[in-house]
Amino acid sequence: MNESINTAAIERLRRREEFLWINPDRPPVRETLPALPLSRADIADAADRFTRFAPLIAALFPETRETGGIIESPLIPVPKMQAACGSFSRRGVPPGRLYVKADHLLPVAGSVKARGGIHEVLCHAEELARAHGFLRGDEPYTALLGKDARALFGAHTVSVGSTGNLGLSIGTMAAALGFRATVHMSADAKAWKKDLLRARSVTVVEHASDYSAAVKAGRDEAARDGNAYFVDDENSSRLFTGYAVAGERLEAQFASAGVRVDGEHPLFVYIPCGVGGAPGGICFGLAHAFGDDAHCFFAEPLESACMMLGLLAGFSGDVYDIGLTNMTAADGLAVGRASAFAGGMITRLVAGCFTVDDSRLFRDLALLYRTENLRIEPSAAAGFPGPAMVRSGGEGANYLDAHGLAGKEAQITHVIWTTGGSLAPIHEFERYLARG
Ligand SMILES: *Cc1c(COP(=O)(O)O)cnc(C)c1O
């Protein structure tokens, strides 16, 4: 680590500047990946689990029948948004292509949390079922819909701490399988997310504190209950591998769209970051799928830039230490301390991080709705300033130079990961629009 450079970047965080920080320590992925505690086999294991459970998911959630119970989101070209934001263009010809990876449309949970959260619930259900004699031989997974399996799950609790969307994902899947489900919500959680969970028979415990405290409360409560399973968003490899499956899914989507990704046609991906599990898992999955041709940037609200701070200063502190408030309209990103586990996985994989003012979230959300008719929540808009940040000189220009991409911007495919929002009630969405 270069102390003085890091001190300067931390000072910019403290001053609440919108800026792009480039990771100085990013060797080729073939050097980094073998040293990590998770591997390609772990991603394959998660993908296989999604496949095994697909018939059961199709039975429980009719909206997934079209895809045979596979929960996936579309990759959507957004040329009108690209033209409108002008962020790609200095002379009117927007170089590169802009796509949205529309995880806000993921069925069941309506956010990126559908990947990781549902995967962890499936891991636990499978383990518990096997330990009790279910799923022997080639018994189909739909056996878990039967009375006996549901009675087993009904005697067990799945719990989680959340700013909203992880709770929606875990709570919905756990309750659908018959588990008792408890979600510990931080003060940031939106009322409509709590209402939706209660309507899905999930117990919602409201905390007046921030996300880390809600997680701790949930972890402590579950530790006292021998039949409780706690999904620990700050430390979970099961969440992480579930998120990582997105890498090979995106690879398949580009292949079927006939879009090449290679050294000459790199992929730049911009992902909103809270505790780091979702963007970290995706970054890890993309590194396995695309190697050095994928360049991942994480986007954080000015007041909650915990991942950038963690990468600069280590993962023991939080954003309050440098005078930030962790108050943001991006409820899904309102996290003061990043996951040390996720941080450790991506320290040498992530290309960079950037900070975003809340007002931009609403502006870009409104622009996306007007140009492409897509409805996302504020957190999910954090990636949109990314391409302009990379192109606007300074750190970004150095990065393009260092990767031999100066003057080749037209060959870059940009993907903004829109991480949530399709479940927001219309009156809620109209309020977002009004602010944009
Ligand atoms: C949770 C969330 C993220 C970020 O995921 P983390 O694992 O917390 O980093 C991004 N966008 C939305 C909408 C989310 O709910």
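**Exercise 1.** Which are the buried residues of helix H17 (residues 394–402)? Determine also where they lie on the helix and what they pack against.

*Solution.* This is a predicted model, in which local features need pLDDT of at least 70, side-chain atom pairs count only at pLDDT 80 or more, and totals for chains, interfaces and linings use all residues. Residues are numbered from 1 along each chain as its sequence is written, and side-chain values use heavy atoms, with hydrogens and water left out.

Step 1. Helices (H or I, at least four residues) and strands (E, at least two) are DSSP runs, numbered from the N terminus. A residue is buried under 20% relative accessible area, exposed over 50% and partly exposed in between (1.4 Å probe, protein chains only). In H17, the buried residues are Gly 396, Tyr 399 and Leu 400.

Step 2. Viewed down the axis of H17, these buried residues fall within an arc of 95°, so they line one face of the helix; the arc is that of the directions from the helix axis to the C-beta atoms. The face turned away from the buried side carries the exposed residues Asp 401 and Ala 402.

Step 3. Contact means heavy atoms within 4.5 Å. The buried residues of H17 pack against strand S1 (20–22), strand S8 (267–272), strand S9 (294–301) and helix H16 (386–391).

Step 4. After H17 comes Gly 404, with a positive phi near 65°.

**Exercise 2.** Classify the ring pair of Phe 153 and Phe 179, then that of Phe 429 and Tyr 432.

*Solution.* Step 1. A pair of aromatic rings is described by the distance of the centres and the angle of the planes. Rings of Phe, Tyr and Trp (its six-membered ring) pair if their centres lie within 6.5 Å; planes under 30 degrees apart count as stacked, over 60 as edge-to-face and the rest as tilted. The structure holds 13 aromatic pairs.

Step 2. The ring centres of Phe 153 and Phe 179 are 4.5 Å apart and the planes stand at 25°, so this pair is stacked. It links distant parts of the chain, 26 residues apart: Phe 153 belongs to helix H6 (residues 147–154), and Phe 179 to the loop between helix H7 (165–177) and strand S5 (180–185). Phe 153 is buried at 0% relative accessibility, and Phe 179 is buried at 5%.

Step 3. For Phe 429 and Tyr 432, the centres are 6.3 Å apart and the planes are at 80°, so the pair is edge-to-face. Both residues lie in helix H18 (residues 426–435), three residues apart and thus separated by about one helical turn. Phe 429 is buried, with a relative accessible area of 2%, and Tyr 432 is buried, with 6%.

**Exercise 3.** Which residues other than glycine, Val 108 and Asn 373, are buried or exposed?

*Solution.* Step 1. Val 108 has a positive phi near 75° and lies in the loop between strand S3 (97–101) and helix H5 (113–131). With 5% relative accessibility, Val 108 is buried.

Step 2. Asn 373 has a positive phi near 60° and is placed in the loop between helix H15 (358–372) and H16. Its relative accessible area is 55%, so Asn 373 is exposed.

**Exercise 4.** Where does Asp 331 lie, and what is it in contact with?

*Solution.* Step 1. Asp 331 is in the loop between helix H13 (306–313) and helix H14 (340–346), and is buried at 2% relative accessibility.

Step 2. Leaving aside neighbours within four places in sequence, Asp 331 is in contact with Thr 163, Asp 188, Lys 190, Lys 193, Glu 377 and Ser 379.
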